[in-house]
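Work through the exercises below with the model open. Try each task before you read its solution.

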Amino acid sequence: MIFRMQKTTLGVVILGLAFMFIGTSFQTQGNMQQLVIKSIQQDQPDFKGSGYISLAVIYAVFASFNWLAPSCLSFLGPKLTMIVGSVTYIIFIASFLWPQTWLLYLSSVLLGVGAALISAGQGNYLTLMSDHDTITRNSGIFWALFQSRYACTKVDKCEEQ
C-alpha cells in the first residue's frame, strides 16, 4: 500500500512537471508571438498572419473541442490522449520555423484540439492515480507545479522578483 502511494505520488509530480514545461514553452511563445510575426513580416511581406488572431483561434477551438475531447479520451485512453495533445504543441511551435500564413492558422487549430485533448487526458489520468484519500493532495501537487509556469514567462515579472 505504501509503495503504491509513493509510485502514484511520483506519477503526479512527473505529470505536473511535464505540464509545467509544456505550459512554460507555450506561454513564452505566446507572449512573443506577435513580435516574432512582425519580424517575419519585415522579411516576408507576403506573410499576413497575426499572433492575436492565432491565439483567438487556439482558444476558440479549445473551447469548442472540449465537448468532443472526452469521446477521444474514451477511445485513446489518458496516456495516448496526452501524447497526441502534446504533439500538437510541438507542431505549433515548430510551425514558426517555416512561416506561412496558412500553416500558422492550421497549427493554431491543431493546437486548440490538442489543448482540449491534453486537458481531458490530464484530468482523467490524475483521477486514476488518486483515491478518495489522495485526490486533494494529488490535485494540489499537480496544480502547484502546473501554475508555476507563470513565474518567469514575462521578462518584466522576472526582473521584479
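Buried means under 20% relative accessible area, exposed over 50%, and partly exposed in between (1.4 Å probe, protein chains only). Helices (H or I, at least four residues) and strands (E, at least two) are DSSP runs, numbered from the N terminus. The model is predicted: local features need pLDDT of at least 70, side-chain atom pairs count only at pLDDT 80 or more, and totals for chains, interfaces and linings use all residues. Residues are numbered from 1 along each chain as its sequence is written, and side-chain values use heavy atoms, with hydrogens and water left out.

**Exercise 1. Helix α6**

Task: Find which residues of α6 are buried, and where they sit around the axis.

Solution. 
- Step 1. Check the length. The expected span of a helix is 1.5 Å times one less than its number of residues. α6 has 13 residues and reaches 18 Å from first C-alpha to last, close to the expected 18 Å.
- Step 2. List the buried positions. They are Asn138, Phe142 and Phe146.
- Step 3. Look down the axis. The buried residues of α6 fall within an arc of 60°, so they line one face. The arc is that of the directions from the helix axis to the C-beta atoms.
- Step 4. Turn to the face away from the buried side. Thr136 and Ala144 are exposed there.
- Step 5. Ser139 has a relative accessible area of 22%, so it counts as partly exposed.

**Exercise 2. Aromatic pairs of Phe146**

Task: Describe how Phe146 pairs with Phe19 and with Trp143.

Solution. 
- Step 1. Set the rule. Rings of Phe, Tyr and Trp (its six-membered ring) pair if their centres lie within 6.5 Å; planes under 30 degrees apart count as stacked, over 60 as edge-to-face and the rest as tilted. The count comes to nine aromatic pairs.
- Step 2. Take Phe19 and Phe146. The centres are 5.8 Å apart and the planes 75° apart, an edge-to-face pair. Phe19 lies in helix α1 (residues 2–43) and Phe146 in α6, so the pair ties together parts 127 residues apart in sequence. Both Phe19 and Phe146 are buried.
- Step 3. Take Trp143 and Phe146. This pair is also edge-to-face, at 5.2 Å centre to centre and 70° between the planes. Both residues lie in α6, three residues apart, about one turn of the helix.
- Step 4. Compare accessibility. Trp143 is partly exposed at 39%; Phe146 is buried at 15%.
- Step 5. Phe19, Phe142, Trp143 and Phe146 form one aromatic cluster.

**Exercise 3. Helix α4 and Ser108**

Task: Find which face of α4 carries exposed residues, and which residues Ser108 contacts.

Solution. 
- Step 1. Compare spans. The 17 residues of α4 (residues 78–94) should span 24 Å; the end C-alpha atoms are 25 Å apart, which agrees.
- Step 2. Collect the buried residues of α4: Pro78, Thr81, Met82, Gly85, Ser86, Thr88, Tyr89 and Phe92. They cover an arc of only 145°, which puts them on the same side of α4.
- Step 3. Read the face turned away from the buried side. It carries exposed Lys79, Ile83 and Ile90.
- Step 4. Move to Ser108 in helix α5 (residues 101–128). Ser108 is buried, at 0% relative accessibility.
- Step 5. List its contacts (heavy atoms within 4.5 Å). Leaving aside neighbours within four places in sequence, Ser108 touches Ser54, Val57, Ile58 and Phe92.
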